[in-house]
Amino acid sequence: MRYAAAAAICVATNLAAQEAVMQTAPTAPLMVSIVIGTGVGFLVKHVIDKTWTFREPYITPAAEARRITLSGVFSVLTTIIFWGFELGFYTIWGTDIAKYTGAVLGLTIGYVVKYMLDRRMVFREATV
């Protein structure tokens, strides 16, 4: 349940960051808003996952670097799913509603996959 709540918070954060870019820089290419939203979402998600979702304690700088690196690699892999849905929906229907619908669907699928990877390989010491 904590992971689902964290994912919902991060989806909202990601989409809010995308919309903020679109409102403040309406002539910026679409990918600028998607990349910024993704970056903001990753940072928020990692902090929430470490401190609240998995309640993982700090061990050593090397362990933290390993966690951040693995989490980042898995985020890149699952971001491909997310971007594929978001850009695919936008390409097919050409509306902001379609883009955000694809984003929510892609993020949901991506977060399910990322949970499985994080639980098994990133936050192994966690006691969820």
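A salt bridge, as the term is used in these legends, is a side-chain nitrogen of Lys or Arg within 4 Å of a carboxyl oxygen of Asp or Glu. The model is predicted, so that local features need pLDDT of at least 70 and side-chain atom pairs count only at pLDDT 80 or more, while totals for chains, interfaces and linings use all residues. Residues are numbered from 1 along each chain as its sequence is written, and side-chain values use heavy atoms, with hydrogens and water left out.

**View 1. The salt-bridge network of Lys50, Glu56, Glu64 and Arg67.** These four residues, Lys50, Glu56, Glu64 and Arg67, are linked in a network of salt bridges, and a search of the whole structure finds six salt bridges. Between Glu64 and Lys50 the closest N and O atoms are 3.3 Å apart. Because Glu64 lies in helix α3 (residues 61-93) and Lys50 in helix α2, this pair ties together parts that are 14 residues apart in sequence; helices here are DSSP runs (H or I, at least four residues), and strands likewise (E, at least two), numbered from the N terminus. Glu64 is buried at a relative accessible area of 9%, and Lys50 also counts as buried, at 13%, where buried means under 20% relative accessible area, exposed over 50%, and partly exposed in between (1.4 Å probe, protein chains only). The side chains of Glu56 and Arg67 meet in a salt bridge with an N to O distance of 2.8 Å. Glu56 lies in the loop between α2 and α3 while Arg67 lies in helix α3, so this pair ties together parts that are 11 residues apart in sequence. Glu56 has a relative accessible area of 5% and is buried, and Arg67, at 2%, counts as buried too.

**View 2. The pair Lys45 and Asp49 within helix α2.** Lys45 forms a salt bridge with Asp49, and the closest N and O atoms of the pair are 2.8 Å apart. Because the two residues stand four apart in helix α2 (residues 30-53), Lys45 and Asp49 are separated by about one helical turn. In general, an α-helix has 3.6 residues a turn, so residues three or four places apart point the same way. Both Lys45 and Asp49 are buried.

**View 3. Thr38 and the buried residues of helix α2.** Thr38 lies in helix α2 and, at 15% relative accessibility, counts as buried. The side chain of Thr38 reaches the backbone oxygen of Ile34 at 2.7 Å. Leaving aside neighbours within four places in sequence, Thr38 is in contact (heavy atoms within 4.5 Å) with Asn14, Thr79, Phe82 and Trp83. The buried residues of α2 include Ser33, Gly37, Gly41, His46, Ile48 and Thr53, and the buried residues of this helix pack against α1, α3 and α4 (96-122). Just after α2, Arg55 takes a positive phi of about 50°.

View 4. The domain assignment, whose bounds come from an automatic or database source, gives domain 1 (1-52) and domain 2 (61-124). The centres of domain 1 and domain 2, taken over C-alpha atoms, are separated by 11 Å, and 20 residues of domain 1 are in contact with 22 residues of domain 2. The area buried between the two domains is about 1800 Å², of which carbon and sulfur atoms give 72%; buried area is the accessible area (1.4 Å probe) that two parts lose on being put together, summed over both. On the side of domain 1, Tyr3, Phe42 and His46 lose the most area to domain 2, together 29% of what that side buries. One salt bridge is counted between domain 1 and domain 2, and the side chains of Lys50 and Glu64 meet in a salt bridge. Eight residue pairs, both residues at pLDDT 80 or more, are in polar contact between the domains, a polar contact being a pair of N or O atoms within 3.5 Å of which, within protein, one must be able to donate a hydrogen and the other to accept it, and residues adjacent in sequence count only if both atoms are side-chain atoms. The elements that give two or more residues to the side of domain 1 that touches domain 2 are α1 (2-24) and α2, and the largest share of that side, 11 residues, comes from α2.
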